[in-house]
Amino acid sequence: MNSADTDLKALLAERLAALEPAQMELVDESHLHAGHAGARGGARHFRVRIVSKQFQGLGTLARHRLVYDCVRDLMPHPIHALAIEAGTPPIEGLS
């Protein structure tokens, strides 16, 4: 991973910090999408697993909207796609 990729991952983490995550894991999955139209021009694909009390009482769509609201200006470039797994504490298997 080059420094631009590291900087983008750090920026994504910084934006998602607004959700006060108890746990968060960011994975750059861009290598899995090489050749995909959305990957042209350097746009990246990420997966986020995030646990936050702010998701309590919300359905999946509402949780995803909160995440997208934090990163709206980063899409569709430099982030082309964001796979989201959003839960509330406690969630097992998330480190």
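**Note on the predicted model: salt bridges, sheet and core**

1. Seven salt bridges turn up in a search of the whole structure. The model is a predicted one. The points below take some of these pairs, then the sheet, then the core.

2. Start with Glu 29 and Arg 47. They form a salt bridge, and their closest N and O atoms are 2.8 Å apart. This pair links distant parts of the chain. Glu 29 sits in the loop between β1 and β2, Arg 47 lies in strand β2, and 18 residues separate them. Glu 29 has 14% relative accessibility, so it counts as buried. Arg 47 is partly exposed, with a relative accessible area of 22%.

3. Arg 47 also forms a salt bridge with Glu 85, with the closest N and O atoms 3.2 Å apart. Here too, distant parts of the chain are linked: Glu 85 is in strand β3, Arg 47 is in strand β2, and they are 38 residues apart. The relative accessible area of Glu 85 is 36%, so this residue is partly exposed.

4. Which residues are linked in a network of salt bridges? They are Glu 25, Glu 29, Arg 47, Arg 49 and Glu 85.

5. Another pair is Asp 69 with Arg 72. Their salt bridge brings the closest N and O atoms to 2.1 Å apart. Asp 69 is partly exposed at 44% relative accessibility. Arg 72 is exposed, with a relative accessible area of 54%.

6. Now the sheet. It is open, with three strands in the order β1-β2-β3 and mixed pairing. β1 (23-28) and β3 are the edge strands, each pairing on one side only. From one strand to the next, the twist averages 15°.

7. β2 and β3 pair in the parallel sense, over eight bridges. Phe 46 has Leu 82 as its bridge partner in β3. Helix α2 packs on the sheet and touches β2 and β3. The direction of α2 makes about 140° with that of β3.

8. Last, the core. In soluble globular proteins, nonpolar side chains tend to be buried together. The largest nonpolar core in this model has 16 residues. Leu 12, Leu 16, Val 48, Val 67 and Leu 82 have the most contacts inside it. Two or more residues come from each of α1 (3-16), β2 (44-51), α2 (60-71) and β3 (79-87).

9. What is Leu 16 in contact with, leaving aside its neighbours within four places in sequence? The list is Pro 21, Met 24, Leu 26, Val 48, Ile 50, Val 67, Cys 70 and Val 71.

Conventions: Residues numbered from 1 in each chain as written. Predicted model: local features only at pLDDT ≥ 70, side-chain atom pairs only at ≥ 80, totals over all residues. Heavy atoms only, no water. Core = buried A, V, L, I, M, F, W, Y, C linked by side-chain atoms within 4.5 Å. Buried < 20%, exposed > 50% of the residue type's maximum accessible area, 1.4 Å probe, protein only. Helix = DSSP H or I, 4+ residues; strand = E, 2+ residues; numbered from the N terminus. Contact = heavy atoms within 4.5 Å. Pairing = 2+ DSSP bridges. Axes fitted to C-alpha atoms, helices over the stretch in contact; angles between N-to-C directions. Salt bridge = Lys/Arg side-chain N within 4 Å of Asp/Glu carboxyl O.
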